[in-house]
Amino acid sequence: VLTTPDDPSRAVFEGLRALKDVCAVQPAEVAVVVHATTLATNTLIEGNGAKAALITTEGFRDILEMRKETRYDDYDLAIEFPPPLVPRRLCREVKERVLADGGVRVPLDDDDARSVLWDLKDTGIEALAVCLIHASANPAHEERIGELAAEVL
């Protein structure tokens, strides 16, 4: 069934209903449900998502601009990419650094993070991505920014 952008779960239930009605399969006979949607892909293509901001580790503000794409044509040096999901003017850095092993080299500065969040609040953002380097090894700084964002935004 087609994606239902207003409520993605609606398509899931429509698909299950179709499975039951069209294929005469009863819910008890279903062992696994695999769901996929074009919602995110459509948002990328159409560029109509929420007004989003990005907070990243100091020194990584331009990570979205510096992307590399090899799916289109490896040898086209003049390839034009779609604009990033977050424009550069809404990308911000915070002072912090987590190492690959999860150790903390530079602790998160709460005052700096609050200042960044207050600055973003004035832009009218609707969504916030927090993507700090090596957060998969130690998410404490991302979690703290989430707490601060809940206060400020």
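**Close-up views of a predicted model**

**View 1. Helix H4 and its buried side.** The buried residues of H4 are His 141, Ile 145, Leu 148, Ala 149 and Val 152 (buried: under 20% relative accessible area; exposed: over 50%; 1.4 Å probe, protein chains only). Seen down the axis of H4, these residues fall within an arc of 105 degrees, so they line one face of the helix; the arc is that of the directions from the helix axis to the C-beta atoms. Exposed Ala 150 and Glu 151 sit on the face turned away from the buried side. The buried residues of H4 pack against several elements, including strand S1 (52-57), strand S5 (127-131) and H3. Helices (H or I, at least four residues) and strands (E, at least two) are DSSP runs, numbered from the N terminus.

This is a predicted model, in which local features need pLDDT of at least 70 and side-chain atom pairs count only at pLDDT 80 or more, while totals for chains, interfaces and linings use all residues. Residues are numbered from 1 along each chain as its sequence is written, and side-chain values use heavy atoms, with hydrogens and water left out.

**View 2. Asp 112 in helix H3.** Asp 112 belongs to helix H3 (residues 110-121). Asp 112 counts as buried because its relative accessibility is 15%. Leaving aside residues up to four places away in sequence, Asp 112 touches Glu 93, Val 94 and Lys 95 (contact: heavy atoms within 4.5 Å).
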